Amino acid sequence: AQRTDDYIADVVSEYASDQGAAIIPALIERVIDAESLGAQTPDENVLMILAKVGSEYKSNEIYTCLRYGFRKAERKLIALLCFRDYGDPNAIKMIRGYLDRHGRLVGREFFYEALSVIRNLGGDIDDITDPFKDFSGQ
């Protein structure tokens, strides 16, 4: 059985998707106004909804808000996946920079998801050193 919170998040996500571009300013405002984006909170859900809806209406404002959300997110992995869902190659540089700065501090799952997102957005990952050495043979 689906948890009530998950069900509500799905319903809100569908509603927001149906609203299209009209809902984007309210989503951006919610992310910007949030003190932090805690795990499994409505604010974290809003970031995910913004990435999904915004993917159809790309803008600098949405991308900037997603970057801001990434910085404020408790679960960086969820925020990372928002960049994948949004689909803007501009995120490649930001993600690579994050990996460069945080290297071994990121977990294995985050690191490999980051590589996947970079690749999905059209970036090259051949020059990124694998701190876990799972696939690199380093």
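These legends go with a set of close-up views of a predicted model. Because the model is predicted, local features need pLDDT of at least 70 and side-chain atom pairs count only at pLDDT 80 or more, while totals for chains, interfaces and linings use all residues. Residues are numbered from 1 along each chain as its sequence is written, and side-chain values use heavy atoms, with hydrogens and water left out.

**View 1. The largest nonpolar core takes in 43 residues.**
A nonpolar core here is a set of buried Ala, Val, Leu, Ile, Met, Phe, Trp, Tyr and Cys residues joined through side-chain atoms within 4.5 Å. Buried means under 20% relative accessible area, exposed over 50%, and partly exposed in between (1.4 Å probe, protein chains only). The residues with the most contacts inside this core are Leu 50, Leu 66, Phe 70, Phe 83, Ile 95, Leu 99 and Phe 110. At least two core residues come from each of α2 (24-33), α3 (42-54), α4 (60-72), α5 (76-86), α6 (91-102) and α7 (108-120). Helices are DSSP runs (H or I, at least four residues), numbered from the N terminus. α7 supplies the largest share, 7 residues.

**View 2. Here's Phe 70 and what it touches.**
Contact means heavy atoms within 4.5 Å. Skip the neighbours within four places in sequence, and Phe 70 is in contact with Lys 76, Ala 79, Leu 80, Phe 83, Met 94, Tyr 98 and Phe 110.

**View 3. α4 packs on α5 at an angle of about 165°, with the axes 8 Å apart.**
That makes α4 roughly antiparallel to α5; the label is for angles over 145 degrees, whereas those under 35 count as roughly parallel. Axes are lines fitted to C-alpha atoms, for helices over the stretch in contact, and angles run from 0 to 180 degrees between N-to-C directions. From α4, the contact uses Ile 62, Tyr 63, Leu 66, Arg 67, Phe 70, Arg 71 and Lys 72, and from α5, Lys 76, Ala 79, Leu 80, Cys 82, Phe 83 and Tyr 86. By class, that's 9 nonpolar, no polar and 4 charged residues. Ala, Val, Leu, Ile, Met, Phe, Trp, Tyr, Cys and Pro count as nonpolar, Asp, Glu, Lys and Arg as charged, and the others, Gly among them, as polar.

**View 4. α5 also runs roughly parallel to α7.**
The axes of α5 and α7 come within 9 Å and cross at roughly 10°. Lys 76, Leu 77, Leu 80, Leu 81 and Arg 84 of α5 meet Glu 109, Phe 110, Glu 113, Ala 114, Val 117 and Asn 120 of α7. This contact has 6 nonpolar, 1 polar and 4 charged residues. Within α5, the buried residues are Ile 78, Ala 79, Leu 80, Leu 81, Cys 82, Phe 83 and Tyr 86, and they pack against α3, α4, α6 and α7. Just after α5 comes Gly 87, with a positive phi of about 80°.

**View 5. α3 and α4 are roughly antiparallel to each other.**
The axes of α3 and α4 come within 11 Å and cross at roughly 155°. Leu 47, Leu 50, Ala 51 and Gly 54 of α3 meet Ile 62, Cys 65, Leu 66 and Gly 69 of α4. The α3 and α4 contact splits into 6 nonpolar, 2 polar and no charged residues.

**View 6. Gln 40 and Lys 133 have positive phi values.**
Gln 40, in the loop between α2 and α3, has a phi of about 55° although it is not a glycine. Gln 40 is exposed, at a relative accessible area of 55%. Lys 133 lies in the segment after α7, and its phi is near 55°. At 40% relative accessibility, Lys 133 counts as partly exposed.

Key:
Parallel < 35°, antiparallel > 145°, perpendicular 65-115°, else oblique.
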